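Here are my notes on the model you sent.

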Amino acid sequence: MKKFALLLAVLAVSITASAQFEQGKKYVGLSATGLNLSYSGLDDFKIGLEAKAGYFILDNIQLNGNLGYQNNGKQPDSFTLGVGGRYYILQNGIYLGANVQYIHANDNYNDVMPGVEVGYAFFLNRYLTVEPAIYYQQSFKKHSDYSAFGLKVGFGYYF
């Protein structure tokens, strides 16, 4: 009986999620990035905030823009501006993302970093999600020092 109830709950979440990934829907999100689980060659500690807004141009395909701030521990703080997209797989909330970010730090460091992410949009209700994701950002400046991978956890609102 417990397995059947769990199956019904998963099915209900999947049906609710599928309505949110339709063409014409909008998205806004806020996430904490790094969470001290990010790693790059120069950083011991890294935490940041990222705000994102998106629009579904087709079913399951979202284009988005983002703004971010990173506290990089020993390095100067940095600001990011980027564009990207997500593809939601089979209406179940799992998504694959790709992006390009321009990064600027106070010490005249500028970089363009393409990145990828894999995440899950877990719906708390019809509109609000918790979105954990694993990401990788590739640096064109110096791969060993500035490229980074990590974990981010955010909240999303689909309307």
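1. Aromatic pairs come first. The structure holds 14 of them. Rings of Phe, Tyr and Trp (its six-membered ring) pair if their centres lie within 6.5 Å; planes under 30 degrees apart are stacked, over 60 edge-to-face, and the rest tilted. The rings of Phe-21 and Tyr-158 have centres 5.7 Å apart and planes at 75°, so this pair is edge-to-face. The pair links distant parts of the chain: Phe-21 is in the loop between α1 (2-18) and β1, Tyr-158 is in strand β9, and 137 residues separate them. Phe-21 is buried, and so is Tyr-158. Here buried means under 20% relative accessible area, exposed over 50%, and partly exposed in between (1.4 Å probe, protein chains only). One aromatic cluster takes in Phe-21, Tyr-27, Phe-56, Tyr-88, Tyr-95, Phe-123 and Tyr-158.

2. On provenance and numbering. This is a predicted model: local features need pLDDT of at least 70, side-chain atom pairs count only at pLDDT 80 or more, and totals for chains, interfaces and linings use all residues. Residues are numbered from 1 along each chain as its sequence is written, and side-chain values use heavy atoms, with hydrogens and water left out.

3. Overall layout. The protein has two helices and nine strands. Helices (H or I, at least four residues) and strands (E, at least two) are DSSP runs, numbered from the N terminus. Along the sequence the pattern reads α-β-β-β-β-β-β-β-β-α-β. Of the 159 residues, 38% are buried. The accessible surface comes to about 8800 Å², and 69% of that belongs to carbon and sulfur atoms. Areas come from the Shrake-Rupley method with a 1.4 Å probe; for residues, only the protein chains shown count as cover. Contact means heavy atoms within 4.5 Å. Among contacts between residues at least 6 apart in sequence, 51% join residues at least 24 apart.

4. Strand β2 (residues 47-58) and strand β3 (residues 61-71) run antiparallel and are joined by 11 bridges. Two strands pair if DSSP finds at least two bridges between them. Gly-48 stands opposite Gln-70 in β3. Two residues lie between the strands of this hairpin, and Asn-60 takes a positive phi near 70°.

5. Salt bridges. A salt bridge is a side-chain nitrogen of Lys or Arg within 4 Å of a carboxyl oxygen of Asp or Glu. The count by this rule is five. Lys-152 pairs with Glu-50, with the closest N and O atoms 3.0 Å apart. Lys-152 lies in strand β9 (residues 148-158) and Glu-50 in strand β2, so the bridge ties together parts 102 residues apart in sequence. Both Lys-152 and Glu-50 are buried.

6. Arg-86 and Glu-131 meet in a salt bridge at 3.4 Å, N to O. Arg-86 lies in strand β4 (residues 78-88) and Glu-131 in strand β8, so parts 45 residues apart in sequence are tied together. Arg-86 and Glu-131 are both buried. Glu-117 bridges to Lys-152, with the closest N and O atoms 2.9 Å apart. Glu-117 lies in strand β6 (residues 110-120) and Lys-152 in strand β9, so this pair joins parts 35 residues apart in sequence. Glu-117 is buried as well. Which residues are linked in the network of salt bridges? They are Glu-50, Lys-52, Arg-86, Glu-117, Glu-131 and Lys-152.

7. The nonpolar surface patch. Val-28, Phe-122, Leu-124, Tyr-127, Leu-128, Phe-155, Tyr-157 and Phe-159 form it, with about 720 Å² of accessible area together. Patches are made of residues with over 30% relative accessible area and no salt bridge: like charges are joined within 9 Å, nonpolar side chains (Val, Leu, Ile, Met, Phe, Trp, Tyr) within 5 Å. Leu-124 sits in the loop between β7 (122-123) and β8 (128-137). Leu-124 counts as partly exposed because its relative accessibility is 48%.

8. Val-28, also in the patch. Val-28 is in strand β1 (residues 26-39). Its 36% relative accessibility makes Val-28 partly exposed. Val-28 and Tyr-157 are 129 residues apart in sequence, yet 5.4 Å apart in space, C-alpha to C-alpha. Leaving aside neighbours within four places in sequence, Val-28 is in contact with Lys-52, Ala-53, Phe-155, Gly-156, Tyr-157 and Phe-159.

9. Asn-99. Is this strand β5 (residues 94-105) residue, Asn-99, buried or exposed? Asn-99 is buried, with a relative accessible area of 13%. Not counting residues up to four places away in sequence, Asn-99 touches Val-83, Gly-84, Met-113, Pro-114, Gly-115 and Gln-137.
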